Structures are given as C-alpha cells and as structure tokens.
Amino acid sequence: MPDLSVDIAGIRLRNPTMLASGFLDETGASMLRVFKAGAGAVITKSIGPQPRTGYPNPTIVELDIGMLNAIGLPNPGIEEFRDEVKVALDGGAVVIGSVFGKDADEYVSVAKRLASYGAAGIELNLSCPHAKGLGTEIAQSTEAVREFTAAVKGKVTVPVFPKLSPNVSNIAAFAQAAEDGGADAIVAINTLKAMAISPELKMPILSYRYGGLSGPAIRPIGVRCVYEIFEAVDVPIVGVGGITTGRDALEYVMAGARAIQIGTALATRGLSAFVDVTSELLAFLEERRVKSITDLVGAAHG
C-alpha cells in the first residue's frame, strides 16, 4: 500500500490532511473528534491573549461557490484554552496552535503559551481579511511578515508556520520574507476578501460588510499561490483553499504542497471528508504505482 505519511518540519503526520483553523476546533472534544475521523493533524481556532466575542450576526453567508464569513476571531483567550488543548492531546491528536494578536509581542506571548501546553507547532494567522488590526495590515507588509515570524521563532522551540494572505500582488515575496524570518513551513492560503449584498435589503449581508471567501471558488487561486511559493522558497508548504476531494488535494500536492488543510468541505461532506480524501489519494497512488505521496510533491513543475 502506498505511504501517505508526511513530515512537516519534523512533525510526523499519518496522512497529509489537516483540519483548517476555524472549523470544529474551539474545544478539545471537537478537535479530538476530527482527529479520530481521520485528519493527520488539527489546527486550533486562532487564539489571542484575551477572550474575544467577535462580530454580531450575520457572520456567515453560504454561497453556491463556497462560504463567506466575518466572524471576527472569537476565542476564549489563551488562558482558558489550556484545558481544550489538553483534552485533544490526551486523546492522541496532533495539535498545531493558531495564534493572532495586535503586535509581535502578543503573537510571541500566545505562541509560547500554546507551545507550553504541548502544541506540536505554531501557525501564525498573519492574514485574516476581516479583523482590523489583527491580520490585514500584517498581511500587506513583507517586513511585518518577516518581523512577526522572527519574533515568534526566536521564542519557541516548536516549528513555526506563517499563514499567508492571497490578497497581495506577489505572494512569493511574502513567502520569502517568512522564510527569511525563520519560518519552518509556509501555509497558503487564507481566505480572499469578499462581500455579498442583499438586493432586497439594499445592504451588505454580513454585519462587518466584508468577509473572507473560502471553498471551491478559491481553489485555483490557492493552487497558483502554492505553485509560485514552491519556486521561491525551500521550506515545506501546506496548501489550503477549496479542497473537497482527493483530486483537489493532488492539485495542491503537485503544485508543491507537502500537506493540505480541509475546512469548508466539512459543511458539505461532513467529517467523512478526511477519510474520503485520503482514500481517493490512495486509489490514485495505487493505480499509478506511486510508492509515496511525497513523490508527487511539486510534480507539476518542469
């Protein structure tokens, strides 16, 4: 049987699928449930230094091409999240902590705490498109990406994975900045800034007006970004955006991703998405007599 296990900066995963941050990851029980459903790792809800309520409803719009959300990074704060991480880890899950903050010091503080709780790695949410002062400004500056990555990398011993925004003109330059800052891997992409308007009400549907678009509509953009990043950096890449099937995952892998994340697909395929994707990957590898999924990483490059 082909080998689906992968190594991301020293973190060994039984298969290349991860739960994307923001889906079923607010509690230890839900993260453990996802891991037991077949995910290779789970990324936590983005956690900040203090509790945050997020935005009032409506915060989510279901579209025929995906999902639009502006939740506003609600979270219980790093202190309260300790017990949730423990539940997931005690159940055997591979947990990577997602962090955010208003400045580099807050990123460092939260990252250190999550690492001390036992997180195998830290994902830096540098790219949320709908939380003013908590991602959008950072995502638009290569110097900020480099600075924040270096700040966290200098204070934790676990791998650090900056998550980049597609809402820039040259994402490869941002990946290079992250690598220069000491990133152990790059996560691409976060959601695209978008909006939806109600013709009947003559107003934006989301309470924040703007939100992040996820789902199938952004997959070609994510694949393109991973392809460009692969040619610009030497560190591993984790591909995110619109992955619903094994074939979708293979696009990212052949573009250069060593692992992939699944989020919005959970709304349409449920928790079976992880088993379905890995089963479809296995079938593809078996049919073509490929020994390992890693043999296909970057295969689309000349």
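**Salt bridges in a predicted model**

Arg 219 and Glu 251 form a salt bridge, with their closest N and O atoms 3.5 Å apart. Here a salt bridge means that a side-chain nitrogen of Lys or Arg lies within 4 Å of a carboxyl oxygen of Asp or Glu. This pair links distant parts of the chain, since Arg 219 is in helix H7 (residues 219-230) and Glu 251 is in helix H8 (residues 246-255), 32 residues apart. Helices (H or I, at least four residues) are DSSP runs, numbered from the N terminus. Glu 251 is partly exposed, at a relative accessible area of 35%; partly exposed is the range between buried, under 20%, and exposed, over 50%, with a 1.4 Å probe and protein chains only.

The model is predicted: local features need pLDDT of at least 70, side-chain atom pairs count only at pLDDT 80 or more, and totals for chains, interfaces and linings use all residues. Residues are numbered from 1 along each chain as its sequence is written, and side-chain values use heavy atoms, leaving out hydrogens and water.

Within helix H7, Glu 228 and Arg 224 lie four residues apart, about one turn of the helix. Their side chains meet in a salt bridge of 3.2 Å, N to O. Glu 228 is partly exposed at 32% relative accessibility, and Arg 224 is partly exposed at 35%.

Another salt bridge joins Glu 280 to Arg 269, with the closest N and O atoms 3.4 Å apart. Glu 280 belongs to helix H10 (residues 272-287) and Arg 269 to helix H9 (residues 265-269), so the pair ties together parts that are eleven residues apart in sequence. Relative accessibility is 31% for Glu 280 and 24% for Arg 269.

Conventions: Helix = DSSP H or I, 4+ residues; strand = E, 2+ residues; numbered from the N terminus.
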